[in-house]
Amino acid sequence: MDKSWMHSDRRSKAYEFGVEAFLNFAVENLLTTTHIRCPCVKCVNLKLFGVGIIRDHVYFNGIDQSYKNWTFHGEPWEATTNASRNVEEDDGHSRYSFVSEEIDMDDNDFGDFGSDPYEFANVIGDGDQPVYPGCRKYTKLSALVKLYNLKAKHGMSDVCFTELLILQGDLLP
């Protein structure tokens, strides 16, 4: 499917036709619901809406430029865009090690959760907790995802991002 419209001016006919083609594609691939994930810049596939609201969001906010493989809307998932890359076990690497290579990570970046499997489960379980007591809009995980999206979208340095997280920690109750 042609996705060049995603980079077009939102006032252009190419963008208009592209949005309609995308919405038709998404509706055709709906399984059980009338609501689909919104791929706009603000919702980043985290919120579900009807087609009319998604159309408005994509026009007003723009579509998330990083959403190249429409897996949330029925397009088959592709492990990689480079066909020559082997994602199966190869030379002792895990089948998804290419992800770490793409974003310049090494084993030290994954953190050390020790030998206690419950420690990692506790870290994951914290993702469902509210950011602070009484917060109903964001969980710790959704807030972190939003912050990382902002970091990536605006090219924020690691140092700046870390300082921003520390400041937010001091500001929140």
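Start with Asn45, which sits in the loop between β1 and β2 (48-49). Helices (H or I, at least four residues) and strands (E, at least two) are DSSP runs, numbered from the N terminus. Is Asn45 buried or exposed? Asn45 is buried, at 4% relative accessibility. Buried means under 20% relative accessible area, exposed over 50%, and partly exposed in between (1.4 Å probe, protein chains only). Now show the contacts of Asn45, leaving aside neighbours within four places in sequence: Arg37, Cys38, Pro39, Tyr67, Phe72 and His73. Contact here means heavy atoms within 4.5 Å.

A word on the model before moving on. It is predicted, so local features need pLDDT of at least 70 and side-chain atom pairs count only at pLDDT 80 or more, while totals for chains, interfaces and linings use all residues. Residues are numbered from 1 along each chain as its sequence is written, and side-chain values use heavy atoms, with hydrogens and water left out.

Zoom out to the whole chain. Six helices and two strands make up its secondary structure. From the N terminus, the order is α-β-β-α-α-α-α-α. Of the 173 residues, 22% are buried. The accessible surface is about 12,600 Å², and 56% of it belongs to carbon and sulfur atoms. Accessible areas come from the Shrake-Rupley method with a 1.4 Å probe; for residues, only the protein chains shown count as cover.

Next, select Thr34, in the loop between α1 (13-28) and β1 (36-37). Thr34 is exposed, with a relative accessible area of 59%. Beyond residues up to four places away in sequence, Thr34 touches Phe49 and Gly50. Draw a C-alpha to C-alpha distance from Thr34 to Phe49: 8.2 Å in space, for 15 residues in sequence.

Now the charged pairs. The structure holds five salt bridges (a side-chain nitrogen of Lys or Arg within 4 Å of a carboxyl oxygen of Asp or Glu). Pick Lys13 and Glu16: their closest N and O atoms are 3.4 Å apart. The two are three residues apart in helix α1, so about one helical turn separates them. Lys13 is exposed at 54%, whereas Glu16 is partly exposed at 32%.

Move to α5 and helix α6 (residues 158-171). How do they pack, and at what angle? The angle is about 145°, with the axes 11 Å apart. Axes are lines fitted to C-alpha atoms, for helices over the stretch in contact, and angles run from 0 to 180 degrees between N-to-C directions. Select Leu147, Tyr148 and Lys151 in α5; they meet Asp158, Phe161, Leu165 and Gln168 in α6. Within that set, Asp158 and Lys151 form a salt bridge, closest N and O atoms 2.9 Å apart. Asp158 is exposed at 55%, but Lys151 is buried at 16%.

Last stop: Leu141, in helix α5 (residues 140-153). Leu141 is partly exposed, at 47% relative accessibility.
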